[in-house]
Amino acid sequence: MSDDNYSVREEKLPHLKEDLGIDPYPAGCLISEPISKIRDSGETEESVVLSGRLTGKREHGKTIFADLRDGSGSIQLYFGKKVLSEKNWSVLDLLDLGDIVQVKGSVFTTRMGELTIRCEELDLLCKSLRQLPVVKVDALGVAHDEVTDRDLLYRHRCVDLQVNPDSLSRFIKRSRIITALRSYLDSHGFLEVETPVLQPLYGGAAAEPFETMYESMNQQFYLRIATELYLKRLIAGGIDRVYELGKDFRNEGVDRTHSPEFTQLELYEAYADYNVMMNRFEEMIRLAADTAGHGSTVVYQGTGYDLTPPFRRIGFMDSLREASGEDLFSWDTDDLKNLMHEKGLITQANDRITMLDKLFDHYVAHRIEQPTFVIDYPEELSPLAKHKADKPGVTERFEVFFAGLELANAFSEQNNPRLQRRILTEQAETSVHRKGELDEEFLYALETGIPPTGGMGIGIDRLVMILTDTGKIRDTILFPHLRRND
């Protein structure tokens, strides 16, 4: 962003302070009305107080028209030299676009039909030293001079929100979607809790963690990659419906649909299973879609998606066999490696679990368009899920795919402590970070007994991507991490 005007604006500060006796950064101001409320109320001879940012200024001799914007909308201002005090009129000469001001005056309609504030008083609340880009919208609603430098907009989100109404709308929708999901869970008897972000042992998924040191304990800690094991300890404690909505961290790649720091909703329900979780997801996504302004159909990247339940269900193993034309589950590790190489699939891990997962993504996942539950995962891919009673080697697990994106992952949770200990031991022995160490506190809770439980994790950022029709996960995160701009 150009700083050409920075010094020009800065030079106005002493004129304001010394010549006019005005503090360009006062400590307080009057309580003002939202612009939207003034627009709804219409004309009035009574004085109203409005505050906001100047976004336009048009001088016509002894009269000046300007535009004022707050978080609720915009309105036109009228300044007349005969109406304002000499001091206020002098302040007008020192104002720039982007300055934050407060005005007081009556509301009238101009001959052009524009609702306008006839300003009687003017106070400068904050002098802007950096010029915001000016995006003009013509009579047809077409924007001109739009800012296209995405790095600038990610790095300076304050600019993005000021000049791009679509971006501001997207983040408002994000907050309302999260509120709707919380409202659903709260109204169905779930209790929201907070669990540790710093964990001595990370668990609940297989991923590369961020590492840190807890100096006073002289102990290695990790940023959590999931909240699962802590939340299931609360199920053991008698909180039958529990959830957490917060940040998880995975020290892995960044691309269009992945961010190392992401927001996840995890919920656990006692006396339930993965079928109950499917119903929960269908109900929650419909509520979230309604909140974002959709009906039963969502348009994402030019394609319409039907949210009418029940969603389609396909088997993990059957769909992979059908798409690949091979029974990949019977292949040995070397053959899977060769196939991965042939398909140009790159992974840092060469174990069967990772390769089968990557092959499923290649053959099946990215081709799933309409909302679909992929169910009944093989045991080797789902160590924390219950076995399916009538299908040896298969677990009660599902993932939700929508427009080729994975949105949710859910299990009928494993509650057999002896079996869970064996599985976690096998995981820990092959993990670089766990180094054979088990989460004994979680296993202790499991050994006290937990009821049959359904659990689900929902990726909030990807859900917002779909419900706000944006193709990049960074556009759903207010402050995405960027490389240093040295």
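Begin by selecting L265, L267, F281, F398, M456 and L467: these residues have the most contacts inside the largest nonpolar core, which has 44 residues. A nonpolar core is here a set of buried Ala, Val, Leu, Ile, Met, Phe, Trp, Tyr and Cys residues joined through side-chain atoms within 4.5 Å. Buried means under 20% relative accessible area, exposed over 50% and partly exposed in between, with a 1.4 Å probe and protein chains only. Next, colour helix 9 (residues 274-291), which gives the most to this core, with eight residues.

The model is a predicted one, in which local features need pLDDT of at least 70 and side-chain atom pairs count only at pLDDT 80 or more, while totals for chains, interfaces and linings use all residues. Residues are numbered from 1 along each chain as its sequence is written, and side-chain values use heavy atoms, with hydrogens and water left out.

Now centre the view on L467. Leaving aside neighbours within four places in sequence, L467 is in contact (heavy atoms within 4.5 Å) with I177, A288, A289, A292, H294 and V298.

Return to L467 and display helix 7 (residues 165-187) with helix 15 (residues 460-467), whose axes come within 10 Å and cross at roughly 120°. This makes helix 7 oblique to helix 15. Axes are lines fitted to C-alpha atoms, for helices over the stretch in contact, and angles run from 0 to 180 degrees between N-to-C directions. Angles under 35 degrees count as roughly parallel, over 145 as roughly antiparallel, 65 to 115 as roughly perpendicular and the rest as oblique. Helices (H or I, at least four residues) and strands (E, at least two) are DSSP runs numbered from the N terminus.

Show the side chains where these helices meet: R174, I177, I178 and L181 in helix 7 face I460, D461, L463, V464 and L467 in helix 15.

Then move to K388, placed in the loop between strand 17 (372-375) and strand 18 (397-402). K388 counts as buried because its relative accessibility is 17%. Beyond neighbours within four places in sequence, K388 is in contact with Y274, D376, V394, T395 and E396.

Finally, zoom out to the whole protein chain, which has 15 helices and 20 strands. Its C-alpha atoms fill a box of roughly 90 × 55 × 50 Å, taken along the principal axes. Of the 486 residues, 46% count as buried.
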